[in-house]
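Hi,

Here is the structure I said I would pass on to you. Have a look at it first, and then read my notes below.

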Amino acid sequence: MSAAKGNPQILIRVDRETLDKAHKLFPPVKGRSGGVPYALRRLLHVLLEEPIPKQYGEIGRSELVDDIESGIRGLQPPLVPEILAETVRDTLEVLKETEDPVDKLRLRAALGHLMELNEGC
């Protein structure tokens, strides 16, 4: 399905209760990139393990999480144990401090990717 401007779109159905919870967790921001659609775009990129492109009018983007993801994507096995430990420690510290639910998911996915890289050694 395409929008009038040619932007690709996905139409999904969810029950009212789920949508209400999502709107509370990801409130819309008038005239800015935010709300449930933005959260879903971010989650899709996390699941695809792809960098999230900048969005027009974007708010609340964590450049620190972007940097962590980028650094992990650049790692190749075999991992140096000190670098692995430092990256895990830094990622856990940011995870502990972040309040954004999508950034938490992004950081957990990054930790999972680190563990997969480590198992490949």
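By salt bridge I mean a side-chain nitrogen of Lys or Arg within 4 Å of a carboxyl oxygen of Asp or Glu. Both residues sit in helix 4, three residues apart, or about one turn of the helix. Lys96 counts as exposed at 64% relative accessibility, while Glu93 is partly exposed at 36%. For those words, buried is under 20% relative accessible area, exposed is over 50%, and partly exposed is in between (1.4 Å probe, protein chains only).

Before going on, please keep in mind that this is a predicted model: local features need pLDDT of at least 70, side-chain atom pairs count only at pLDDT 80 or more, and totals for chains, interfaces and linings use all residues. Residues are numbered from 1 along each chain as its sequence is written, and side-chain values use heavy atoms, with hydrogens and water left out.

Now the overall picture. Of its 121 residues, 32% count as buried. Among contacts with a separation of 6 or more, 55% are between residues 24 or more positions apart, where contact means heavy atoms within 4.5 Å.

How many salt bridges does a search of the whole structure find? There are eight. Another one of them joins the side chains of Lys21 and Glu17 (3.4 Å, N to O). These two are four residues apart in helix 1 (residues 16–25), which means about one helical turn separates them. Lys21 is exposed at 54% relative accessibility, and so is Glu17 at 52%.

Is Arg42 buried or exposed? Arg42 is buried, with a relative accessible area of 5%, and its place is in helix 2. Its side chain meets that of Asp103 in a salt bridge (2.6 Å, N to O). That pair links distant parts of the chain, with Arg42 in helix 2 and Asp103 in helix 5 (residues 101–119), 61 residues apart. Asp103 is buried as well as Arg42. The Arg42 side chain also makes a polar contact with the side chain of Asp100 (3.3 Å). A polar contact is a pair of N or O atoms within 3.5 Å; within protein, one must be able to donate a hydrogen and the other to accept it, and residues adjacent in sequence count only if both atoms are side-chain atoms. A network of salt bridges links Arg42, Asp66, Glu69, Asp100, Asp103 and Arg106.

Glu49, in the loop between helix 2 (35–47) and helix 3, has a positive phi near 55 degrees, in a residue other than glycine. Glu49 is partly exposed at 46% relative accessibility. Not counting residues up to four places away in sequence, Glu49 touches Arg73, His113 and Glu116. The other spot is a cis peptide bond joining Pro77 and Pro78, with omega about 0 degrees. Pro78 lies in the loop between helix 3 (63–73) and helix 4 (81–97).

Cheers
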